[in-house]
2 protein chains.
Amino acid sequence: MSLLVVGSVAIDSVRTPFGVRERSLGGAATHFSVAASFFTQVGVVAVVGEDFTAEDEAVFHERKIDTENLQRVPGGKTFRWVGEYGFDLNTAQTLDTELNVFADFRPQLSEAAKRAPFLFLANIQPGLQREVREQVDARFVAMDTMNYWIERTREELLQTIAGVDALIINDAEARELAGEPNLIRAARKVLTLGPQMLVVKRGEYGAAFFTRDSYFATPAFPLESVFDPTGAGDSFAGGFMGYLAQADRIDDATLRRAIIYGSVMASFNVEEFSCDRLRRLTTEEIRARFREFKEFTQFEI
Amino acid sequence: MSLLVVGSVAIDSVRTPFGVRERSLGGAATHFSVAASFFTQVGVVAVVGEDFTAEDEAVFHERKIDTENLQRVPGGKTFRWVGEYGFDLNTAQTLDTELNVFADFRPQLSEAAKRAPFLFLANIQPGLQREVREQVDARFVAMDTMNYWIERTREELLQTIAGVDALIINDAEARELAGEPNLIRAARKVLTLGPQMLVVKRGEYGAAFFTRDSYFATPAFPLESVFDPTGAGDSFAGGFMGYLAQADRIDDATLRRAIIYGSVMASFNVEEFSCDRLRRLTTEEIRARFREFKEFTQFEI
């Protein structure tokens with residue numbers, strides 16, 4: 001496989017202004033790998049319990065995602081997330097989280113997984129991210145995190161951040177990590193922590209990309225109906241990393257296209273509950289939306 | 001003159017996290033006309049009192065802005081705005097507003113003003129906007145408004161909106177005007193009210209442009225220090241309308257460039273208090289920043 005991801009595979013309960021789904025396959029690694037699977041061969045490192053059904057597993061199989069490193073704990077219960085979105089859909093309110101089988105998770109990677117050239121550390125306890133990072137001799141490593149780890153395990157998080165090439169977080173996280181309300185200054189600060197690049201996800205406002213000497217930004221796809229924002233950031237990261245792994249090249253032009261593919265995958269992901277939209281997505285639809293991005297951001301000097 | 005603006009010329013008191021200015025030339029028509037003056041010949045329709053000094057007037061003169069339609073009221077007091085910005089600089093808190101000479105303002109336009117081909121109705125009482133609009137036989141008319149008029153004079157505002165070609169408002173205003181939290185659907189609704197185009201200003205997130213059959217969006221210029229956001233939207237509108245008047249053409253490519261020029265002017269405007277930055281701006285700086293927009297939004301398919 002060319003791209004490996006470690007992160008949560010979860011059972012979600014989601015309530016949005018448009019509907020409720022009591023049991024929904026979720027988790028950062030799920031949304032990431034399904035999105036990335038349109039671009040490259042993906043392997044997922046995670047742990048699930050006995051409540052993880054054959055139907056759940058089928059989502060991975062139908063997208064040809066390698067589940068050799070998906071551990072099952074007999075008698076265990078899969079990670080649970082219960083969340084709710086308000087009318088503006090911008091921020092999820094977490095009503096409940098149960099770590100369950102993730103509490104004692106010690107990832108043991110297969111030999112094939114250890115040789116993956118591209119690695120993504122999805123949002124999860126930073127010590128666990130580092131444990132995986134150290135087992136994989138990847139050429140390009142990116143990671144996500146969240147306010148919870150920034151606030152509670154800052155030192156450990158900084159150690160993990162120091163060992164990756166790219167950080168992919170949202171704007172509130174970038175500001176909080178840097179302790180700086182201006183995003184551009186926050187980005188400069190983050191780039192002194194180790195990574196050579198920072199991708200900032202801005203939800204309905206798009207994404208921005210910073211390196212020490214370049215800057216790129218895109219608005220989001222203009223969606224008339226956002227149904228469920230869960231996994232938007234993870235499918236963004238999946239499109240971004242999936243495209244890089246497919247291109248097998250890290251240069252400015254490729255990175256910019258990767259940002260657009262990330263935005264494309266996120267825009268599809270939020271159109272329906274869980275991975276429903278991505279499961280029936282086609283590469284033609286992805287290409288068409290990519291071209292639409294070019295269309296609606298283009299101007300001539 | 002090729003571009004006429006009606007709106008407030010004001011004396012502001014502004015407090016930001018970076019400083020305080022007790023007396024500062026402000027007002028929508030001021031920021032608009034100073035920004036637009038880099039592109040075309042601008043005339044301003046407004047009213048001031050005796051406290052409007054020769055120094056205030058010099059700001060208009062040095063930018064060659066026509067002040068023939070700037071009425072002075074002997075013994076009167078200029079419109080006052082007292083506002084404050086919090087740490088994130090996103091929203092101004094209005095501490096005090098005094099209409100003063102604007103309370104009884106009846107604009108009487110000169111013959112030259114009535115023949116202006118481009119007209120901008122800056123944020124002001126919608127009845128007053130319409131009074132000016134009806135006196136000018138312009139080829140292209142755009143307007144701004146704010147939540148205050150949307151909430152209190154909705155019917156009158158809708159009449160004014162029905163008579164313009166373009167509405168230039170911020171995203172909260174677009175959502176409120178349409179009664180619709182999704183911006184894209186809000187935009188479609190707004191485009192049924194009369195205007196053929198809607199420009200949505202999104203502050204640090206850039207701008208979006210809607211017509212019935214096209215869409216364009218741009219991120220904002222990445223500013224490391226925003227000093228005073230007052231007048232950002234007005235200088236945006238000034239750059240937008242100024243460029244259109246200079247180009248003397250209304251087509252999709254020209255409108256897209258106008259959105260970028262608007263973004264450029266707003267980005268300079270917020271770098272210092274009042275019009276300070278624009279007063280020492282050069283056309284070379286404007287062109288350079290325009291090219292930077294192209295640079296940081298460009299990607300190849």
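This briefing describes how chain B and chain A meet in the structure above. The model is predicted. In it, 35 residues of chain B are in contact with 35 residues of chain A, and the two chains bury about 3500 Å² between them.

**Symmetry**

- Chain B is superposed on chain A by a rotation of 180 degrees, with 0.0 Å of shift along the axis and an RMSD of 0.0 Å.
- The two copies are therefore related as by a two-fold rotation axis.
- Both copies use the same surface, since 100% of the contact residues of chain B recur in chain A.

**Buried area**

- Of the area buried between chain B and chain A, 58% lies on carbon and sulfur atoms.
- On the chain B side, the residues that lose the most area to chain A are Tyr205(B), Glu224(B) and Phe299(B). Together these three account for 22% of what that side buries.

**Polar and charged pairs**

- There are 4 salt bridges between chain B and chain A.
- Glu224(B) forms a salt bridge with Arg188(A), with 2.6 Å between the closest N and O atoms.
- Polar contacts between chain B and chain A link 22 residue pairs, with both residues at pLDDT 80 or more.

**Make-up of the chain B side**

- At least two residues each come from helix 7 (171–178), helix 8 (183–190), strand 13 (215–218), helix 10 (252–269) and helix 12 (283–297) of chain B.
- Helix 12 of chain B contributes the most to the side that touches chain A, with 7 residues.
- By class, the side of chain B that touches chain A has 17 nonpolar, 13 charged and 5 polar residues.

Terms used:
Residues are numbered from 1 along each chain as its sequence is written. Chains are lettered from A and ligands numbered from 1 in the order in which they are written. This is a predicted model: local features need pLDDT of at least 70, side-chain atom pairs count only at pLDDT 80 or more; totals for chains, interfaces and linings use all residues. Side-chain values use heavy atoms; hydrogens and water are left out. Copies are superposed by least squares on the C-alpha atoms of residues with pLDDT of at least 70 in both. Contact means heavy atoms within 4.5 Å. Buried area is the accessible area (1.4 Å probe) that two parts lose on being put together, summed over both. A salt bridge is a side-chain nitrogen of Lys or Arg within 4 Å of a carboxyl oxygen of Asp or Glu. A polar contact is a pair of N or O atoms within 3.5 Å; within protein, one must be able to donate a hydrogen and the other to accept it, and residues adjacent in sequence count only if both atoms are side-chain atoms. Helices (H or I, at least four residues) and strands (E, at least two) are DSSP runs, numbered from the N terminus. Ala, Val, Leu, Ile, Met, Phe, Trp, Tyr, Cys and Pro count as nonpolar, Asp, Glu, Lys and Arg as charged, and the others, Gly among them, as polar.
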